[in-house]
Amino acid sequence: MPPAPVYRFCFGPWNLSEGADPYGPPTRSPQSFDWKLGQLKALGFDAMMFHDDDAIPDIDTKSEKAIREEAEELKRRLDGEGIAAEMVAPRLWFSPNTIDGAYTSNDPKARQYAIDRSLRSIDIARILGTNLLVLWLAREGTYLREAKVASRSFDLLVEAFDRMLAHDPEIRLAIEPKPNEPMDHAYVPTIGHALAIAQLTRDPARVGALIESAHAILAGLDPSDEIEFALRFGKLWSLHLNDQNGLKFDQDKPFASTNLRSAFNQVQALERHGYGSRGEYVCFDVHPFRTTKPEQWVAHLENSRRTFLRLVEKARSFDNSAAQQFISERNYQALDQMVIEHLLG
Ligand code: GLO
Ligand code: MG
């Protein structure tokens, strides 16, 4: 068994969202970045995740030089607060340039925009002191199959990843798979797809994955199996823990909110393989409910972390030898009840 890791935690500014959904406006007034950073510190989290435009607002209007200077300024602020940047992710799904996809758009100008912006994100990441670039491939997919040829899209993805790997010899790409939303069908829906496409790049050792619990559930898969799969390949470089009630819109519920046992299984998988001992963070990609009042704005983050740590205790106090005995007897009925009793406490 690897040594028991001391977990470090992070979230992103977007996880303190305002409650807007496709059917209604915000239910909380926006807060400043400073307020969000203050909340992160007050909650005792260790790092912040950044979209490129969380770090550099209005990034598309700024020169390369201005972007670098702002990133350096942000790095000084983070150092002053004792907060690390876990990763940077190019937010490629908001721009008018990426309506039909970013790296896989049918328009070469859009593809160029996506690559240029990704290279800027790499520069920002390196200035902020991280070598992790997260790629949630939000618009790389189709609404209708006839619009794009999938094999060509895979080639375009590899081409884009290769450009990023060539831009900086230290950068590592963590692909965050999601099967749908906003697209009907995404080109990289699961960890298996992410790790397979990594093999086609110029440096597979620098292309890994980020697993989000809800995205695995949306793909009809078990998040803990997805976690074990990525860990088996040494490719789980970040994690977005949260929860999701079945095949619905992306809910980003607090960790364990829907399925406590699945959350326990995810924590067991992390514990088994010493996740965190190689510098990886536990991030929560969770949102407050739309109904949340401003006074409870950060509760979903506090609660997710608390539940995670309680499940770590549950994983460490689980009677593995009793479980092994039931397994050797093929008495899975008893094993099932043992897990339930353990979780009920
Ligand atoms: C949406 C994704 C999104 C990403 C984030 C980082 O479904 O989970 O929140 O994790 O934009 O790239
Ligand atoms: Mg996510």
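In this predicted model, a single aromatic cluster is formed by Tyr-7, Phe-9, Phe-11, Phe-45, Phe-255, Phe-284 and Phe-308. Across the structure, the count of aromatic pairs comes to 16. Among them, Phe-154 and Tyr-187 are arranged edge-to-face, with 5.6 Å from centre to centre and 75 degrees between the planes. Because Phe-154 belongs to helix H5 (residues 150-167) and Tyr-187 to the loop between strand S7 (185-186) and helix H6 (191-198), this pair ties together parts that are 33 residues apart in sequence. The two partners fall into separate accessibility classes: Phe-154, at 29% relative accessibility, counts as partly exposed, while Tyr-187, at 8%, counts as buried.

A further pair is made by Phe-264 and Phe-318, whose ring centres are 5.9 Å apart and whose planes stand at 65 degrees, so that the pair is classed as edge-to-face. Here Phe-264 is part of helix H9 (residues 260-272), whereas Phe-318 lies in the loop between helix H10 (299-316) and helix H11 (320-328), and the pair therefore ties together parts that are 54 residues apart in sequence. Phe-264 is buried at 1% relative accessibility, and Phe-318 is likewise buried, at 8%.

Turning to charged side chains, a search of the whole structure finds 24 salt bridges. One of them joins Asp-54 to Arg-91, with the closest N and O atoms 3.0 Å apart. This pair links distant parts of the chain, 37 residues apart, Asp-54 being located in helix H2 (residues 52-55) and Arg-91 in the loop between strand S3 (84-89) and helix H4 (108-127). Asp-54 is buried, with a relative accessible area of 17%, and Arg-91 is buried as well, with a value of 13%. The charged end of Arg-91 additionally sits over the ring of Phe-94, 5.3 Å from the ring centre.

Arg-117 forms a salt bridge with Asp-60, in which the closest N and O atoms are 3.3 Å apart. Since Arg-117 lies in helix H4 and Asp-60 in the loop between H2 and helix H3 (64-81), this contact ties together parts that are 57 residues apart in sequence. Arg-117 counts as buried at 7% relative accessibility, but Asp-60, at 47%, counts as partly exposed.

Strand S8 (residues 207-212) is largely enclosed by the rest of the structure, because six of its six residues are buried. In a regular strand the side chains alternate between the two faces of the sheet. In S8, Val-207, Ala-209 and Ile-211 point one way, Gly-208, Leu-210 and Glu-212 point the other way, and all are buried. Strand S6 (residues 172-176) pairs with S8 in the parallel sense over three bridges, and Ile-175 stands opposite Ala-209 of S8. S8 also pairs in the parallel sense with strand S9 (residues 236-241), over four bridges, and Glu-212 stands opposite His-240 in S9.

Notes:
Residues numbered from 1 in each chain as written. Chains lettered and ligands numbered in written order. Predicted model: local features only at pLDDT ≥ 70, side-chain atom pairs only at ≥ 80, totals over all residues. Heavy atoms only, no water. Buried < 20%, exposed > 50% of the residue type's maximum accessible area, 1.4 Å probe, protein only. Helix = DSSP H or I, 4+ residues; strand = E, 2+ residues; numbered from the N terminus. Pairing = 2+ DSSP bridges. Salt bridge = Lys/Arg side-chain N within 4 Å of Asp/Glu carboxyl O. Phe/Tyr/Trp six-rings, centres within 6.5 Å; stacked < 30°, edge-to-face > 60°. Lys NZ or Arg CZ within 6 Å of the ring centre and 35° of its normal.
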